[in-house]
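Look at the model before reading on.

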Amino acid sequence: MTALTALAAETPSLVQSVDWTAIAPVVITAVVGLAVLVADLFTAERHKPVLGWISVAGLAAATAALIPLRAGDRSTFCLTADPEACSYVADHFTVVVQFLVLAGALLTALLSVTAVRDTRMPAGEYWFLLLSSAAGAALLPASRDLATLIVALEVASLPAFALVGMRRGDRLSSEAALKFFLSSVTATAVSLMGVSFVYAATGSMHLTQVADGLEDVPGQLDTLAMAGVALTLVGFAFKTAAVPFHFWVPDTYVGAPLPIAGYLSVVGKAVGFTGLILVTVIAFPAYSQIWGPALAVLAALTMTLGNAAALRQSPDRPHSAVRLLAWSSVGQAGYLLVPIAAAAYSERDQIGSTLAYALMYAAVNLGAFAVAALVARTKPLHRISDYRGLYAERPLAALSLAFFLLCLAGLPPGIIGLFAKVTVFRSAVDAGLGWLAVLMAVNVVIALYYYLRWTAMLFRAPEDEVVAPARTKAPWPVAAAIVATAVTAVVLSGAPQLVLRVASGSLFAQ
């Protein structure tokens, strides 16, 4: 008996403790999603809007659950034999990205309350899918093993396919969902193959242990490891809409409901960049000589092609406003890739510039989609020319959209956009990527044309021969989303240090 007791005392426990506070944002989002799906079965049709407000409240609660995590010192689901290897880490990087994801999903939910009602989309399914995707997107930045990372990526992505095709009977919506689904599934399959190669070469799934394993790969496995690194990056490059994996973006944004297009442009992009940062900076630093130049080239191609395609959008073409925002998001993705590429040449803290830029981009881009959702209520063709004279019709909406576009362009008074671009530019210079910094500066100048052209159109006199549709009162959830994003953009422009502090200091747990 004494020997058994001694043996039990020496054997490490296989039971992992769970830090419920650390995982609260993800759990709350997922539980509310399930609750909404079940409640939909017992809710009369006239009471369906209540499901939307429950979802909004759930996302607000999940965002508030980040407050106890602001110290960035929590982790859970750790190996009992190696407490440093954890599957879930709530460090500063996680908290920042989760705030971006959950706040973005909250604004999307506000925009969706009216859209679900007006387009008669199935409420229960819509809210369940949105919350499920948000839960997966919130899980991904905390994931510190390859299995959890891929699962979180798919939980965030799979509901998005259905959300894009939620408008039943709409040909554009169905085509967009099918294209998004097929291309995304292909990219996921490539990533899974890459993960399997990495696991075969290192014998571990935890990112920190993978990094250690790749430092000393046996010669006969080196080619396998390099192939695994390359294939894994391909899947995440697709999620970021990096060239040449961008082809799904314009048609998907046009076919999706506008709130979902905004969600994909911000939260969907955050998912891709988060995964890319985790696998490159934490798991694959030993192969930085491979992914560093590759990401630099991808950044150059992405910003150049995105801006060039945005320039070609004709103001009178149907859906030109959404297509311009889509191509603009591709161009912005190129800027977001720059600090990640720079991290291969200097220190990994360069990726703070990506997060700072992403926070600015999230606020102003969701704001632009919120104004687009308002304009589309009376002008459903989504043309840029539909915004001509918007200031005369809706002055506050026009001023808000003008400010959002100036922030995206990096022009005063959109100071936060300018500062964020300077931060990304500096990361390239500090890493010795002078050619990429010059190309970025050229692309910023090119982008000024289409941003300023749209901005100027807002303040032109309406065409006399066009009979303006009767002005409708803006639904208050849409108005609230516009006000929230506009106030955020103004505050950040007045106090840019609120976001730019993310670009300095260490974001990852040491």
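Predicted model: local features only at pLDDT ≥ 70, side-chain atom pairs only at ≥ 80, totals over all residues.

Residues are numbered from 1 along each chain as its sequence is written, and side-chain values use heavy atoms, with hydrogens and water left out.

Start with the whole chain. It has 20 helices and two strands. Both kinds of element are DSSP runs numbered from the N terminus: helices are H or I with at least four residues, strands are E with at least two. The radius of gyration is 23 Å, close to the 24 Å of the globule rule for 510 residues, so the chain is as compact as a globular protein of that length. That radius is taken over C-alpha atoms, and the rule is 2.2 Å times the number of residues to the power 0.38. Along its principal axes, the C-alpha trace spans about 95 × 60 × 40 Å.

Next, how the chain packs. Of its 510 residues, 58% count as buried. Buried means under 20% relative accessible area, exposed means over 50%, and partly exposed lies in between (1.4 Å probe, protein chains only). Contacts mean heavy atoms within 4.5 Å. Among contacts with a separation of 6 or more, 79% come from residues 24 or more positions apart.

Now the surface and the charges. The accessible surface comes to about 20000 Å², and carbon and sulfur atoms hold 67% of that. The areas come from the Shrake-Rupley method with a 1.4 Å probe; for residues, only the protein chains shown count as cover. There are 29 positive and 28 negative side chains, and the centres of the two sets lie 14 Å apart. Lys and Arg count as positive, Asp and Glu as negative; His and the chain ends are not counted. Each charge is placed at NZ of Lys, CZ of Arg, CG of Asp or CD of Glu.

Helix α5 covers residues 123-139. At 1.5 Å a residue, its 17 residues should span 24 Å, and its end C-alpha atoms are 24 Å apart, which agrees. The expected span is 1.5 Å times one less than the number of residues. In α5, 15 of the 17 residues are buried, so the helix is largely enclosed by the rest of the structure. Helix α13 has 23 residues and should span 33 Å; its end C-alpha atoms are 34 Å apart, which agrees. It is mostly covered, with 23 of its 23 residues buried.

Stay with α13 and find Gly331, which sits in this helix. Its relative accessible area is 0%, so Gly331 is buried. Leaving aside residues up to four places away in sequence, Gly331 touches Thr302, Met303, Gly306 and Asn307. Ile351 is 20 residues from Gly331 along the chain, and their C-alpha atoms are separated by 18 Å.

Other buried residues can be found the same way. Thr423 belongs to helix α17. At 7% relative accessibility, Thr423 counts as buried. Ser353 lies in helix α14, residues 352-375. It is buried too, with a relative accessible area of 5%. Asp91 lies in the loop between β2 (86-90) and α4 (92-119). Its relative accessible area is 2%, so Asp91 is buried.

Finally, check the backbone. Which residues does the cis peptide bond with an omega of about 10 degrees join? They are Val243 and Pro244. Pro244 lies in the loop between α9 (222-239) and α10 (249-255). Another cis peptide bond joins Pro412 and Pro413, with omega about 5 degrees. Pro413 lies in the loop between α16 (395-409) and α17 (415-430).

Positive phi values turn up as well. Phe77, a residue other than glycine, has phi near 55 degrees. Phe77 is found in strand β1, residues 74-78. At 30% relative accessibility, Phe77 counts as partly exposed. His319 is not a glycine either, yet its phi is positive at about 70 degrees. His319 lies in the loop between α12 (288-311) and α13 (320-342). At 19% relative accessibility, His319 counts as buried.
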